[in-house]
Amino acid sequence: MKFRIVLEFDPEAGSFSAICPELPGCASAGDTEDEARHNIEEAIKLYLAPAEINLPDNAKLLELTIG
């Protein structure tokens with residue numbers, strides 16, 4: 001899957017911020033552009049990682065692959 005990321009340099013903080021507009025709240029930062037890119041990649045992986053789910057006995061858990 002491909003995601004767009006927005007990288008911005010903050011001169012006051014002296015670092016780069018990175019956000020993924022398609023994933024609300026998914027953001028990261030780094031001292032360099034490369035570090036910010038690496039950190040947002042990790043943030044996206046964590047954002048998309050499946051969480052533990054407690055299901056009722058009569059529920060089914062299915063998986064769906066996109067792309």
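Me: What counts as a salt bridge here?

Reply: A salt bridge is a side-chain nitrogen of Lys or Arg within 4 Å of a carboxyl oxygen of Asp or Glu. This is a predicted model, where local features need pLDDT of at least 70, side-chain atom pairs count only at pLDDT 80 or more, and totals for chains, interfaces and linings use all residues. Residues are numbered from 1 along each chain as its sequence is written, and side-chain values use heavy atoms, leaving out hydrogens and water.

Me: How many salt bridges does a search of the whole structure find?

Reply: Two. In one of them, the side chains of Glu22 and Arg4 meet at 2.6 Å, N to O. Glu22 sits in the loop between β2 and β3 (27-30) and Arg4 in the segment before β1, so the pair ties together parts 18 residues apart in sequence. Strands like these are DSSP runs (E, at least two residues), and helices are too (H or I, at least four), numbered from the N terminus.

Me: And where do Lys45 and Glu41 lie?

Reply: Both are in helix α1 (residues 33-48), four residues apart, about one turn of the helix.

Me: Is Ser15 buried or exposed?

Reply: Buried means under 20% relative accessible area, exposed over 50%, and partly exposed in between (1.4 Å probe, protein chains only). Ser15, in strand β2 (residues 15-19), has 16% relative accessibility, so Ser15 counts as buried.

Me: What about Met1, buried or exposed?

Reply: Met1 is exposed, at 72% relative accessible area. You'll find Met1 in the segment before β1 (6-10).
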